[in-house]
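Dear colleague,

Please find the structure below, together with its sequence. My notes on it follow.

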Amino acid sequence: MTHEVPPSLPSADAAAPPRGRAPGGSPGAGPAYPAATSVPPASTGSASTGPASTGAASTGPAVAEEADVIVVGAGPAGSATASYLARAGVDVLLLEKAQFPREKVCGDGLTPRAVKALIDMGVPVGEQDGWVRNKGLRIIGGGVRLELPWPELSSYPGYGLVRTRLDFDEILARTAQKAGARLLEGVTVTGPVLDDDGRITGVTARSTADARGPERSYRARVIVAADGNSSRLSLAMGLSKRDDRPMGVAVRTYYTSPRHDDDYLESWLDLWDGPRQLPGYGWIFGMGDGTSNVGLGMLNTSESFGNVDYRDLLRRWLAGMPAEWGYVEENRTLPIRGAALPMGFNRTPHYTRGLLLAGDAGGMVNPFNGEGIPYALESGELAAEFIAQALARPDAAGAERVLMAYPQALKAAYGGYYTLGRRFVQMIGNPKVMQFATRHTMPRPALMRISLKLLANLTEPRGGHATDRVIHALSKMTPAA
Ligand SMILES: Cc1cc2nc3c(=O)[nH]c(=O)nc-3n(C[C@H](O)[C@H](O)[C@H](O)COP(=O)(O)OP(=O)(O)OC[C@H]3O[C@@H](n4cnc5c(N)ncnc54)[C@H](O)[C@@H]3O)c2cc1C
């Protein structure tokens, strides 16, 4: 991805060579920037401890480990952050409450934007490695069925992928581990450790298997919250969700189906709640393993949001499908489960007092299409770049200046596009607009090809086709808020 890191900074490799991995600490990268070992005695943080409660306690949980950076959560955002940091020679501790492999509620669909981010991260994405490729998006709506191949661009591959999150997240976490990150599974972070100024200097955690077990603390100079939509760590630092940003809700399950090897991702625009067309879509993604991932998502910009029984809506929608596709109760292989989609930067600022936010923790799901994985991976890469540069600064003020620039870089990358996305979801929240858009854009394939580029954020950043330039210019001209 393209983003702005101060060009004059020394490379992290040069300034911060790989460090020891032994528990108990790592040598600091710069003498004046406080190292993990020099923080004052812990003030015990907990999920309910806000930034105000900063008094340094004389006793606190035993310090279990120290690192330059702690990343909380080994989903796509956390594993990407940890991977890039480790590659830059930074000593990074990745704390994950679950044990891999673990399930995660998701559509499992990866657009070319996500594929590019995986390739950047060094993840092998060949079919021989178990990935199932797709050629594009099939959209069904307004009585029209349209197959739109992914655009051919220099910046993104011309194919997408699917992979269950059971595999996917473990692959990413192991990639971070191979790069040198110290991954601790089964460790639930319970809150921040704060110094007298309210700056985060570590986290408290306990074994997930022993909810009543002792708390231990983990110390670092920089902490990353990559703990997903709920981001209890951000909450404990006083960063709550913004109500002026869109939010989605989605449910999904799996059915054994002859359509499991579909080579297009399929999206259905006709979701109805009685006479109202809902702002959202249903999807059917063939997993290539005998099953289809089937689900639907909806935006909070409609009046129906919050009044809809999503599981029932899914069943009603599937009841209209041809019987031979097999989307019936007897073929369902997992319960219908749902989760929220935090969109358009719904938690800000993305940096405060030693804590950076990446992925869903920072509300980075694309409001246009509900996709979050590429933004989790990209923001992880970006966070790692800024942290590596900050750690290489010889003094605390210099390091802070670099970290403070991370939110600006995020805004430069996505701010205008997300503002456009917010306007889009406001408009389609009106059932009449949604109905009009479906009826009048679906019969126009050329318009839909442009829409695909806009909705999936797949344009050349420089040059490219005239439509790419228009979309890009629109995103850049729209104020990032
Ligand atoms: C139904 C549904 C379908 C979706 N479909 C798609 C799709 O097809 N394509 C797409 O691109 N996006 C999709 N998304 C969005 C996507 O799932 C998210 O945007 C993505 O998972 C964000 O990654 P993340 O790393 O930020 O957070 P997460 O994936 O949520 O990872 C957070 C990690 O932090 C860990 N964690 C949380 N709290 C703690 C703690 N206290 N201590 C330690 N660890 C902790 C969690 O166990 C988890 O491993 C979908 C979302 C939903 C709900």
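**Asn 457 and its surroundings**

Not counting residues up to four places away in sequence, Asn 457 touches Arg 113, Tyr 156, Asn 366, Tyr 375, Tyr 417 and Leu 452, where contact means heavy atoms within 4.5 Å. Asn 457 is found in the loop between helix H11 (445-455) and helix H12 (466-477); helices (H or I, at least four residues) and strands (E, at least two) are DSSP runs, numbered from the N terminus. With a relative accessible area of 12%, Asn 457 is buried, a term that stands for under 20% relative accessible area (1.4 Å probe, protein chains only).

Please note that this is a predicted model, in which local features need pLDDT of at least 70 and side-chain atom pairs count only at pLDDT 80 or more, while totals for chains, interfaces and linings use all residues. Residues are numbered from 1 along each chain as its sequence is written, and side-chain values use heavy atoms, with hydrogens and water left out.

**The chain as a whole**

The chain has twelve helices and 22 strands. Of its 481 residues, 57% are buried. Among contacts with a separation of 6 or more, 73% are between residues 24 or more positions apart.

**Nonpolar cores**

The largest nonpolar core has 64 residues, of which Val 69, Val 71, Leu 118, Leu 356, Ile 387 and Tyr 406 touch the most other members. Such a core is a set of buried Ala, Val, Leu, Ile, Met, Phe, Trp, Tyr and Cys residues joined through side-chain atoms within 4.5 Å. Helix H7 (residues 373-391) supplies the largest share of this core, twelve residues. Leaving aside neighbours within four places in sequence, Ile 387 is in contact with Val 69, Leu 85, Val 222, Val 224, Leu 356 and Leu 403. Another core, of 27 residues, lies apart from the largest one and includes Leu 148, Ala 250, Ile 428 and Leu 458.

**Cavities**

A search of the whole structure finds three cavities of 30 Å³ or more. On a 1 Å grid over the protein atoms alone, a cavity is a set of points where a 1.4 Å probe fits but cannot get out, and lining residues have an atom within 4 Å of a point. Points are joined across faces, edges and corners, and a volume is the space filled by probe spheres set on them. The largest cavity has a volume of about 50 Å³. Its lining includes Val 132, Arg 133, Asn 134, Asp 262 and Phe 285. Strand E5 gives the most to this lining, with three residues.

With kind regards

Notes. 1 Å grid on protein atoms, 1.4 Å probe; cavity = no way out; pocket = protein on both sides within 12 Å on 5 of 7 lines; lining within 4 Å. Buried < 20%, exposed > 50% of the residue type's maximum accessible area, 1.4 Å probe, protein only.
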